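Dear colleague,

Please find below the structure that I am handing over to you, together with its sequence. My findings follow directly after it.

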Amino acid sequence: MGDIIIDKELEKLRKHIDKIDSDLVDLLHKRLEYVQQIGHLKVKNKANIYRPDREREIIDKLIKYAKKHDLHNINKSIIEAVFYEIFAIARNIETPQKIAFLGPIGSYTHQAAENRFGPLSTYLPLTTIKAVFEALQNGNAKYGVIPLENNTNGMVGETIDNLAQYNFKIINEVVLPIHHSFATKANSILDIKKIYSKDIAFGQCSNFLQFNQLNDIEHVSVSSTALGAKFASDDNNSAVICSEIAAKIYNIPIMFANIQNHHTNKTRFVIISDFTNQKGSNDKTSIFVSSKDFAKAGALFELLKDFKDENINITKIDSRPVQSDGVYHSGFYMDFYGHKDDDNVKRVFNKRFNEIKWLGSYPSFN
């Protein structure tokens with residue numbers, strides 16, 4: 001008798017959900033109709049399809065709306081997850097998206113790219129960061145996604161060097177928590193005979209391997225966790241430590257998620273393209289500063305003082321060697337809050353016009 005009552009209650013609740021799902025499809029259809037109209041206007045006026053500043057503005061408004069109306073089941077993470085997918089679908093309706101990224105397929109850079117551009121976009125995996133810039137230079141892709149820094153391993157020097165060399169701008173950033181998954185087609189952990197992964201991933205998940213008595217079975221080091229996923233997909237008695245997206249691509253069930261030793265490991269990826277963002281309400285700017293004067297005592301202090309005098313908050317500074325006439329001197333990658341069109345930023349740029357290369361202004365997520 002009790003089971004019959006529960007089944008009736010479930011049926012009633014599911015009918016409510018079915019009605020809401022139908023309403024969501026109708027609303028999504030209406031939204032995409034407006035998107036198509038906007039897309040026609042953008043194409044007609046040769047405007048950029050991708051507007052990170054506009055997307056951030058929508059997300060922020062929806063977060064405030066949810067808080068104001070006490071929608072306790074809807075938080076920031078849910079809003080971002082749902083609406084970035086909607087944005088990606090909308091952009092592909094306006095114009096098909098082609099994205100170059102540091103591969104391979106299933107890498108964390110791929111995951112960061114799909115986080116912003118969705119599953120419907122066309123992805124071009126490349127073997128080097130420079131190759132991503134070249135793909136944009138040759139017109140083979142509109143956007144590039146590359147790693148910029150990791151909170152454990154620091155800045156990616158190759159990315160900074162290419163940003164300084166090419167004229168493509170940072171238009172957005174994605175901060176991605178690096179969560180390793182343990183995926184396998186085996187029915188039980190006891191059936192696993194070998195584990196594939198990149199050597200560094202084994203070290204990052206050493207506690208999990210020890211606690212689950214997996215150190216005594218064969219560990220096979222491969223060039224990427226994505227390649228490990230490919231191998232594990234063909235062997236039902238093996239497993240892989242890889243990204244969530246790699247497990248998804250190769251259709252390997254995730255047995256354990258978030259198995260890394262440290263749960264604060266994050267990588268910051270940047271999206272580059274050939275256009276610039278309009279000034280928003282909360283921007284970040286990246287620059288590269290290069291001058292032979294930095295070899296002189298107090299030169300860096302004077303640079304930092306220029307920013308302090310203009311009340312500009314620097315959030316990152318990292319030195320890189322710069323070669324000029326066969327001689328190396330220091331250059332500096334810098335992030336700070338503000339947009340290149342802000343008056344105080346303009347004054348610093350004008351003062352140091354021959355030293356600063358602007359790398360992009362884009363929405364800040366802080």
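**Helix 12**

Exposed means over 50% relative accessible area, buried under 20%, and partly exposed in between (1.4 Å probe, protein chains only). Helices (H or I, at least four residues) and strands (E, at least two) are DSSP runs, numbered from the N terminus. Helix 12 spans residues 343–351, and Val-345, Val-348 and Phe-349 are buried in it. These three lie on the same side of helix 12 because they cover an arc of only 100° around the axis, the arc being that of the directions from the helix axis to the C-beta atoms.

**Basis of the values**

Please note that this is a predicted model, in which local features need pLDDT of at least 70 and side-chain atom pairs count only at pLDDT 80 or more, while totals for chains, interfaces and linings use all residues. Residues are numbered from 1 along each chain as its sequence is written, and side-chain values use heavy atoms, with hydrogens and water left out.

**The chain as a whole**

The chain has twelve helices and 15 strands. Its C-alpha atoms fill a box of roughly 85 × 55 × 40 Å along the principal axes. Of its 366 residues, 44% count as buried. The accessible surface is about 20,200 Å², and carbon and sulfur atoms account for 52% of this; accessible areas come from the Shrake-Rupley method with a 1.4 Å probe, and for residues only the protein chains shown count as cover. Taking contacts (heavy atoms within 4.5 Å) between residues at least 6 apart in sequence, 76% join residues at least 24 apart.

**Cysteines**

How many disulfides are there, if a disulfide is a pair of cysteine sulfur atoms within 2.5 Å? The count is zero. Cys-205 is in no disulfide, as the nearest cysteine sulfur, that of Cys-242, is 10 Å away. Cys-242 is likewise in no disulfide, its nearest cysteine sulfur being that of Cys-205. Cys-205 counts as buried because its relative accessibility is 0%, and Cys-242 counts as buried, also at 0%.

**A residue between two helices**

Ile-74 is located in the loop between helix 2 (52–68) and helix 3 (76–94). With a relative accessible area of 38%, Ile-74 is partly exposed.

Yours sincerely

Technical notes: A disulfide is a pair of cysteine sulfur atoms within 2.5 Å.
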